[in-house]
Structures are given as C-alpha cells and as structure tokens.
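Good morning, and thank you for making the time. Please look at the model on the screen while I take you through its backbone, its cores and its helix packing.

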Amino acid sequence: MKIFIDGQYLDEQNAKISVFDHGLLYGDGVFEGIRAYNGRVFRLKEHIDRLYCSAKAILLPIPLTPAEMTQAVVATCRENNLRDGYIRLVVTRGIGTLGLNPNRCQRPSVIIIADTIQLYPPELYERGMAIVTVPTTRNLHSAVNPAIKSLNYLNNILAKIEANNAGVEEAIMLNAEGYVAECTGDNLFIVKGGHLLTPPLYAGALYGITRGVVMELAARAGMKVSEPNLTRYDVFNADECFLTGTGAEIIPIVKVDGRVIGTGHPGEATKQLVAQYRGLTQVSGEPIF
Ligand code: PXG
C-alpha cells in the first residue's frame, strides 16, 4: 500500500509522522472517511467541502486547494489500484513543539490512506442491529462543536467503549438536554407513519453525508422528511429505525435499550432506502480510472 504524505507516496513501513505532530500530541487536526465503489469516489465533493469547513472552524490552513485535494484523493486511489474501499483523509496541525501553541507548528500535514474497509457483520444488515443509549453525552456545540470532524474523537470513543461493554456495536448519544443527537460514528433516523425523521444538526449531530443522501432519496420517493428534536420515547415508539454512515451505509436497528422497534425486523421503508442507496453508490462519484 502507498500512503500519501505531504505530496509523496510512501510504503506502509515508511509512512510515519513525527511524535511532535500536534495531531498526535493534542488531537489538533481534522479528517474525513470516504468510500470508493466500483472505481468511483462516492460524494467526494461533499467530503472535501466538509473537510475545509472543519478546518476553517479550527483555523487550520490546509496547504492544498480543494481542487488539488480532490486530485490527490483520486490519485492515491489510482496509485493503490483501489476500486472499492475506504479512504481516510487527515490534515494535522503539523510538527510543532511541546506546548499547545499551534503557531509553533511549521506546516499542516496532509495524509491520505486508501485501504479496504471493515463493515458491520452481514447478518446485522439482514436481521437488524440492537443498540443502547450510553451515559456519555455529546459535547456542547459551544465547546468543540460536534459538527467539526476533528482528530479529537474521545467523546465518541468513550461512548463506543460503553456500547461495547453493553455488548452492542453502536450507541445512541444524547445531548446535554437529553435529546437524541446521533451515534458514535453514524447518524440516526426513525420512520413513523410514513415520515422520515432525524435529529436536527443543532442537537449535536455531524453533518453526515450519508444522512444528506438518504434525506434526498426519501424526499424524491415522496416521503415527508423532517428534523425535529427527538427523545428516546420517539425512538422506542418508531415504526422503523436505522443508522447511516459512510462505513455502515444504512443499517437497520431493531432494538433500542431493550425495546423492540416496530416489528422487530428491518422495515419496508428502510429496505427501500437501502436498495436506492446501493443503486446510487454503484453509478455516481468522481471516477478513479
Ligand atoms: N456521526 C459521526 C460522529 C461520524 O463520525 C457519521 C456520523 C456519519 O457521517 P457520514 O458523512 O460518513 O455519513 C460519522 C462518520 C470510522 C468511520 O473509521 C467513521 C465515520 C465514517 C467512516 C468511517 O469509524 N464516521
């Protein structure tokens, strides 16, 4: 595997960054997780846009233009002959000194890894997955805004550990007010009476790209789509529930905190959206070859 670091392609064993990089020392940086399907990078423009928005929010000047970054992602896939897989794009504050001051960092580092992806087990897509709500709440948007896809993912990691300790793969995170925000690496949707509902972004969710695509697909199929504040009660009493994310795509949820959702099986609206999403991933995106 060839890894892109600051304009060079390095072998895996030589793809190293400094212990003085503030990405390592302080989690000072931003990232994206992107998929390639069938020789195309899915929703690359949206991922690049979100990367630059995250960077702007933390005053991180990315040393490439968005067009150059787009080209670098495609070129890294090509270099690795990757037709289907996962692309991790990372921009760190760069090499600095021991001390928080980002002004001591010389230049942000850009890292692109094009690899294979590990998904949830296939049977969870067929039967649906159980999740729980965990005690760790989402960060306040007045602190490090959860909309920033920063390298500081401890909030989500703590929630993931709590999910794993409860014997499940994902967890619902509530915000400080007790409303549903999202999961540790996925956005949450419910279907109720033919309407598609997902928490608003101000509830503490990431501006998920899969979330956006699913809302578009649902609206196009004639479903009413809205973004109200949701409580656990709303989720327990939904007809259907599913999660969305670049890695997970769309995964049905059939149990939340011990409550069976709907029929206890993946619902019809969820299945339709899964099929439409599959159709889209196979034909659209930035061509690699
Ligand atoms: N919420 C959070 C907190 C995320 O990190 C999503 C929602 C879904 O957003 P997208 O844009 O992917 O629809 C994410 C994305 C990983 C991994 O390595 C995590 C994500 C995406 C890809 C891989 O665990 N999270």
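Arg43 sits in the loop between β4 (40–41) and α2; helices here are DSSP runs of H or I with at least four residues, strands are runs of E with at least two, and both are numbered from the N terminus. This is a predicted model, in which local features need pLDDT of at least 70 and side-chain atom pairs count only at pLDDT 80 or more, while totals for chains, interfaces and linings use all residues. Residues are numbered from 1 along each chain as its sequence is written, and side-chain values use heavy atoms, with hydrogens and water left out.

The phi of Arg43 is near 55°, a positive value in a residue other than glycine. A second case is Leu59, with a positive phi of about 55° although it is not a glycine; Leu59 lies in the loop between α2 and α3.

Is Arg43 buried or exposed? With a relative accessible area of 16%, Arg43 is buried, whereas Leu59, at 70% relative accessibility, counts as exposed. Buried means under 20% relative accessible area, exposed over 50%, and partly exposed in between, with a 1.4 Å probe and protein chains only.

I turn now to the helices α2 and α3. Their axes come within 10 Å and cross at roughly 125°; axes are lines fitted to C-alpha atoms, for helices over the stretch in contact, and angles run from 0 to 180 degrees between N-to-C directions. The two helices are therefore oblique to each other, given that angles under 35 degrees count as roughly parallel, over 145 as roughly antiparallel, 65 to 115 as roughly perpendicular and the rest as oblique. On the α2 side, Leu44, Ile48, Leu51 and Tyr52 meet Pro66, Met69, Thr70, Val73 and Val74 of α3, where contact means heavy atoms within 4.5 Å. The residues of this contact divide into eight nonpolar, one polar and no charged. In that division, Ala, Val, Leu, Ile, Met, Phe, Trp, Tyr, Cys and Pro count as nonpolar, Asp, Glu, Lys and Arg as charged, and the others, Gly among them, as polar.

Next, the cores. The largest nonpolar core has 26 residues, and Val30, Met69 and Ile112 are among those with the most contacts inside it. Such a core is a set of buried Ala, Val, Leu, Ile, Met, Phe, Trp, Tyr and Cys residues joined through side-chain atoms within 4.5 Å. At least two residues each come from β3 (29–37), α2 (44–57), α3 (66–79), β5 (85–92) and β6 (109–115), and α3 gives the most, with five. A second, separate core of 23 residues includes Leu174, Leu197, Cys241 and Val256.

Another helix pair is α6 (residues 209–220) and α8 (residues 268–283), which pack at an angle of about 110° with their axes 10 Å apart. That makes α6 roughly perpendicular to α8. Residues of α6 including Val213 and Leu217 meet residues of α8 including Leu273 and Tyr277. By class, this contact has seven nonpolar, two polar and no charged residues.

Which residues does Phe289 touch? Leaving out residues up to four places away in sequence, Phe289 touches Gly39, Cys77, Arg78, Asn81, Leu82 and Arg83. Phe289 and Arg78 are 211 residues apart in sequence and 6.7 Å apart in space, C-alpha to C-alpha.
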